[in-house]
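User: I've got a model open and I'd like to talk it through. Can you walk me around?

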Amino acid sequence: MNRVVHPIEVESYRRLRARLDTSHFPPLTRAVVERVIHSAADLEYATDLVMDEGDLERAHAALHAGAPVVVDVEMVAAGITRRETVCRLKDAESGPGLTRSAHAVRLAYDQVGPGALWVIGNAPTALEELLTLDADPVLVIGLPVGFVGAAESKAALRESGLPAVSNVSEKGGSAVAAAALNALLYHPVSTEEKP
């Protein structure tokens with residue numbers, strides 16, 4: 001099903017591209033960079049985001065083949081408009097050495113198993129917990145925000161070698177994390193057969 005793009009969004013992208021040349025990025029990287037910038041009106045994401053086109057290609061294929069999408073908070077889920085998501089935060093409990101967000105990650109992994117796309121836009125502890133599991137994710141969109149643990153958790157994600165979208169700074173949040181996933185959802189699936 002084709003997505004109908006509102007004229008305001010078309011104009012927003014025109015203005016974004018007039019201020020920032022994104023044409024040098026590979027297709028899916030460009031889609032993620034532009035949608036994240038569009039969601040935050042922050043051009044600095046063009047140099048702050050870290051991702052690999054091959055990882056995005058595999059995630060794009062898995063997402064369109066029905067791989068589960070797990071989110072850390074309902075605000076991320078609310079921003080993902082064309083896909084059901086799994087969020088177990090309401091069922092989670094904190095305990096000694098365990099935040100609710102970390103417990104929610106454990107509960108979600110128990111539910112979906114390996115091969116999911118994980119979208120973390122709020123809690124650094126959720127990202128840290130995911131890195132302790134043998135989750136075998138298709139992709140981790142790790143864009144938690146904050147002054148405590150956010151940049152460090154994203155650095156740990158990059159060091160883990162897992163396929164990921166992250167950023168270097170403390171910036172992030174639910175809107176940009178959802179935007180990164182939406183970029184993959186909205187990007188067309190090729191109908192051409194490869195030789």
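This is a predicted model: local features need pLDDT of at least 70, side-chain atom pairs count only at pLDDT 80 or more; totals for chains, interfaces and linings use all residues.

User: Ok. How many helices and strands are there?
Analyst: The protein has 9 helices and 5 strands. Here helices (H or I, at least four residues) and strands (E, at least two) are DSSP runs numbered from the N terminus. In sequence order the pattern reads α-α-α-β-α-β-α-α-β-α-β-α-β-α. The radius of gyration is 16 Å, close to the 16 Å that the globule rule gives for 195 residues, so the protein is as compact as a globular protein of that length. That radius is taken over C-alpha atoms, and the rule is 2.2 Å times the number of residues to the power 0.38.

User: And what box does it fill?
Analyst: Along the principal axes, the C-alpha atoms fill a box of roughly 50 × 40 × 30 Å.

User: How much of it is buried?
Analyst: Of the 195 residues, 50% count as buried. Buried means under 20% relative accessible area, exposed means over 50%, and partly exposed is in between (1.4 Å probe, protein chains only). The protein exposes about 10000 Å², and carbon and sulfur atoms supply 53% of that. Those areas come from the Shrake-Rupley method with a 1.4 Å probe; for residues, only the protein chains shown count as cover.

User: What about contacts across the sequence, how many join residues at least 24 apart?
Analyst: Among contacts between residues at least 6 apart in sequence, 58% join residues at least 24 apart. A contact is heavy atoms within 4.5 Å.

User: Let's go to α6. What does it pack against?
Analyst: The buried residues of α6 pack against β2 (69-71), β3 (117-120) and α7 (124-132). Those buried residues are S101, A102, H103, A104, V105, L107, A108, Y109 and V112. The helix covers residues 100-112, which is 13 residues, and reaches 18 Å from its first C-alpha to its last, close to the 18 Å expected at 1.5 Å a residue. The expected span is 1.5 Å times one less than the number of residues. Just after α6, G113 takes a positive phi of about 70 degrees.

User: Which residues other than glycine have a positive phi?
Analyst: A41 does, at about 50 degrees, and so does D136, near 45 degrees. Most residues other than glycine have a negative phi. A41 is in the loop between α2 (27-40) and α3 (45-48), and D136 lies in the loop between α7 and β4 (139-142).

User: Are those two buried or exposed?
Analyst: A41 is exposed, with a relative accessible area of 71%. D136 counts as exposed too, at 53% relative accessibility.

User: Switching topic: how many residues of α9 are buried?
Analyst: In α9, 12 of the 13 residues are buried, so the helix is largely enclosed by the rest of the structure. Among them are V176, L181, N182 and Y186.

User: What comes after α9?
Analyst: S190 sits in the segment after α9, and it counts as exposed at 53% relative accessibility.

User: Last one, where is G161?
Analyst: G161 is in the loop between α8 (150-160) and β5 (164-167). G161 is exposed, with a relative accessible area of 63%.

Key
Residues are numbered from 1 along each chain as its sequence is written. Side-chain values use heavy atoms; hydrogens and water are left out.
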